[in-house]
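Please find below my notes on the model, as numbered points.

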Amino acid sequence: VMVMGHRQTDADSFGAAIGIYRAAKVLGKRAYVVLNEVTTSVRPMKACFEDNPVYEQDMFLSSEQAIEMIDRNTVLVVVDTNRPSYTECPELLSRTPTIVVLDHHRQTNEQIENAVLSYIEPYASSACEMVAEILQYFDEGLKIKAVEADCLYGGIIIDTNNFTSKTGVRTFEAAAFLRRAGADTSEVKKLLQTDMEHTVARYKILQTASIYRADIAIAAPTEPQDRIVAAQAADELLNIAGVTASMVIYPMGDGDVFISARSIGELNVQLVMEALGGGGSRSSAAVQLHDVSVAQAVQMARKAIDENLEN
């Protein structure tokens, strides 16, 4: 069994992958997580499994290693995305005969076509919530290790912004299950801490923010940013009184511009980002724009916001 999330893996994608890894192990299967670039937000989580005698040394595979290992008996489980181009290794999708998709993002025109099981629940807060639900009823002999519960709990924390966004009854039930399984809120907080450099970078982004249409904060730094830091800045803008939606628009360093959007109000940022070619969920979405400047991207975002609210 191979588990694959999306590129630029975040806490939700990583935690969900770990949960599926545990499900495969309880069935006595060899299991691997396909992971290439390790982002700053996931590095502390991944470190919990490295040099840990409980876990195999080859638990994590690069795309190249995964391609070499797959055969007709491989099951590929895709978590936290249902778009082929967003996956860690799109080539695996065409090489693996049996594919399962578990995701909480709304489907778009681009989707994984040849899945034998596609479980997509847009009302779920996170992929970790979905996986935690599955694990509860998966096998009576399944015992989640504390570090695995921490990763799943951390994924829910990040995608719900500390249980304040997209949080339903099932979210708390999943969290309660993980707490009973050994998730430690103090340890999770440590896993999700950011270093001083990224904290300073986040506040520099906030300094560029301005208010649009009375309740939408748009920050547009002119220098390339770490994607995770920018997403955290978008979350933090929602802490400003009166702000119900936020966007951080920044250059990628390769000629592209990225927009990270968040909402706790009327504006559906998923529809706004889809209008620009991206996607996500109602309260959290993003898009990568090509061959535009930051100033042009700001104008495009404002126009998409206007059209969404007017329609």
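1. Gln8 is placed in the loop between β1 (2-4) and α1, where helices (H or I, at least four residues) and strands (E, at least two) are DSSP runs numbered from the N terminus. The phi of Gln8 is near 50°, a positive value in a residue other than glycine. Most residues other than glycine have a negative phi. Gln8 has a relative accessible area of 23% and is therefore partly exposed; buried means under 20% relative accessible area, exposed over 50%, and partly exposed in between, with a 1.4 Å probe and protein chains only.

2. On the basis of these notes: this is a predicted model, in which local features need pLDDT of at least 70 and side-chain atom pairs count only at pLDDT 80 or more, while totals for chains, interfaces and linings use all residues. Residues are numbered from 1 along each chain as its sequence is written, and side-chain values use heavy atoms, with hydrogens and water left out.

3. Asp291 lies in the loop between β12 (284-289) and α12 (294-310). With a relative accessible area of 73%, Asp291 is exposed.

4. How many cavities of 30 Å³ or more are there? The count comes to one. A cavity is a set of points on a 1 Å grid over the protein atoms alone where a 1.4 Å probe fits but cannot get out, and lining residues have an atom within 4 Å of a point. Grid points are joined across faces, edges and corners, and a volume is the space filled by probe spheres set on the points. The largest cavity holds about 40 Å³ of space.

5. The lining of the largest cavity consists of Met4, Gly5, Thr9, Ser13, Phe14, Ala17, Val33, Val34 and Leu35. The largest share, three residues, comes from α1. By class, the lining has six nonpolar residues, three polar and no charged; Ala, Val, Leu, Ile, Met, Phe, Trp, Tyr, Cys and Pro count as nonpolar, Asp, Glu, Lys and Arg as charged, and the others, Gly among them, as polar.

6. The whole structure contains eight aromatic pairs. Rings of Phe, Tyr and Trp (its six-membered ring) pair if their centres lie within 6.5 Å; planes under 30 degrees apart count as stacked, over 60 as edge-to-face and the rest as tilted. Phe14 and Phe60 form a stacked pair, 5.9 Å centre to centre with 20° between the planes. This pair links distant parts of the chain, since Phe14 is in helix α1 and Phe60 in strand β3 (residues 60-61), 46 residues apart. Phe14 counts as buried at 1% relative accessibility, and Phe60 is buried at 14%.

7. Tyr21 and Tyr55 form a tilted pair, with 6.1 Å centre to centre and 45° between the planes. Tyr21 is in helix α1 and Tyr55 in the loop between α2 (43-47) and β3, 34 residues apart. Both Tyr21 and Tyr55 are buried. Phe14, Tyr21, Phe49, Tyr55 and Phe60 form one aromatic cluster.

8. The charged end of Lys46 sits over the ring of Phe60, 5.0 Å from its centre. The criterion is NZ of Lys or CZ of Arg within 6 Å of the ring centre and within 35 degrees of the ring normal.

9. Helix α5 (residues 127-136) is mostly covered, with eight of its 10 residues buried. Among the buried residues of α5 are Glu129 and Glu133. The cover over the buried residues includes α1, β5 (98-103), β6 (117-120), α6 (146-159) and α7 (169-180), by contact, meaning heavy atoms within 4.5 Å.

10. Pro224 is in the loop between β8 (216-219) and α10 (227-237) and counts as exposed at 53% relative accessibility. Not counting residues up to four places away in sequence, Pro224 touches Pro251, Met252 and Gly253. The C-alpha atoms of Pro224 and Met252 are separated by 5.1 Å, at 28 residues apart along the chain.

Conventions:
1 Å grid on protein atoms, 1.4 Å probe; cavity = no way out; pocket = protein on both sides within 12 Å on 5 of 7 lines; lining within 4 Å.
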